[in-house]
Amino acid sequence: MPADAIYFHHPASLEHDPRVHMPGHPDTPERILAIEQRLAQARWLGWQRREAPAAEEAQLELIHSHALVAHIRDMCLAGGGSIDPDTHVGKASYRAALHAAGGACALARTLLAGEARVGFSGARPSGHHAEADRAMGFCLFNNVAIAAELAIRELGARRVFVLDWDVHHGNGTAEAFRRRADVLFASIHQGGIYPGTGALGDVGSGPGEGHTINLPVPAGSEQELWLSLLGHIVLPAAGAFAPDLVLVSAGFDAHRADPLAGCRLESESFAEMARHVRDFAARVGAPLGLVLEGGYEPAALAESVQATLAALIDERPAHGAAPEALLTSRAAAQVGRYWPL
């Protein structure tokens, strides 16, 4: 009998520690420890746990250049170093990154094989900033993009919808699929912060025009605006797209306690977004997988992940989307050029 929900993780996530090169770096192993300790106290909410396999380098190269993969591998084998002022690796980082990408790939494979209706890959380092030839923003390999590409090339999916609710724009994922019509990428993120991309007017290009939906929000934005954009813009467009697989770049750094941004979501805000996406996936008959991205206050991160996982399997209905805000109306005018809303 298929499991209802599967959680992928790996102890290598604890071995990647940028503080070796940058004391005080916010992306710490304690993020994973906090999540797993909290979930263990809740008996993992009934989720089945599986060890995330290591991705093969050929899977990494579905998105990334051979040169980038070799550079990160060789840098780690040589003891590590600094890729840029934000992104640092140690000897164990390549192994951790292989299992983070492998967890996302195993998630897609498991879901499309019908082994579960929902899944979560709770591994690090994160991935959504990593571009084809560049690791950046704490990210080495773009886990969710690799999983989406694997789903299309090898697992029988024709169309994949990727929602990114991390507070930082998922520039790497957007660039990976910029000119593609078989992946719909939608990002709700705080505007004006790292990495400086994700303007409302950036809708993709060439054959992919209209298949990138960027929804920047101002600092101080709360649940009402995020749910308004999700319910009135993102999910109606995704419904018209009719995906075979739904993936979420699940960052939790829009939480009010997070030190790296200025939005004001609560843990329950992520649960409510999860219910909306859960119900959407059920309506279109597509499995749903979430891949961990940011979230840098460990207690808030752990609470938010627990609330999200509980929401994905509970029977509570999603609340109606918040009333349309002015920003939602402007976004609707843009996105409505390409999708019926």
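Select His99 first. Leaving aside residues up to four places away in sequence, His99 touches His10, Ala12, Ala52, Pro53 and Ala54 (contact means heavy atoms within 4.5 Å). This is a predicted model: local features need pLDDT of at least 70, side-chain atom pairs count only at pLDDT 80 or more, and totals for chains, interfaces and linings use all residues. Residues are numbered from 1 along each chain as its sequence is written, and side-chain values use heavy atoms, with hydrogens and water left out.

His99 sits in helix α4, residues 93-112. Helices (H or I, at least four residues) are DSSP runs, numbered from the N terminus. Is His99 buried or exposed? His99 counts as buried, because its relative accessibility is 10% (buried is under 20% relative accessible area, exposed over 50%, partly exposed in between, with a 1.4 Å probe and protein chains only).

**The cores**

Next, select Phe161 and Trp165. They have the most contacts inside the largest nonpolar core, which has 61 residues. Such a core is a set of buried Ala, Val, Leu, Ile, Met, Phe, Trp, Tyr and Cys residues joined through side-chain atoms within 4.5 Å. Helix α7, residues 223-241, gives the most to this core: 11 residues. Another core lies apart from it, with 47 residues, including Leu107 and Val144. In soluble globular proteins, nonpolar side chains tend to be buried together.

For Cys76, the nearest cysteine sulfur is that of Cys139, 14 Å away. Cys76 is buried, at 1% relative accessible area. The sulfur of Cys105 is 15 Å from the closest cysteine sulfur, in Cys139, so it is too far for a bond. Cys105 is buried too, at 3% relative accessibility.

**The helices**

Select α7 and helix α8, residues 267-284. They pack at about 15°, with axes 11 Å apart (axes are lines fitted to C-alpha atoms, for helices over the stretch in contact; angles run from 0 to 180 degrees between N-to-C directions). That makes α7 roughly parallel to α8 (angles under 35 degrees). Among the contact residues are Trp226 and Leu230 of α7, with Met273 and Phe280 of α8.

Finish with helix α9, residues 298-313. The axes of α8 and α9 come within 8 Å and cross at roughly 30°. These two helices are therefore roughly parallel to each other. Their contact includes Ala271 and Ala274 of α8, and Ala307 and Ala311 of α9.

Methods. Disulfide = S-S within 2.5 Å. Parallel < 35°, antiparallel > 145°, perpendicular 65-115°, else oblique.
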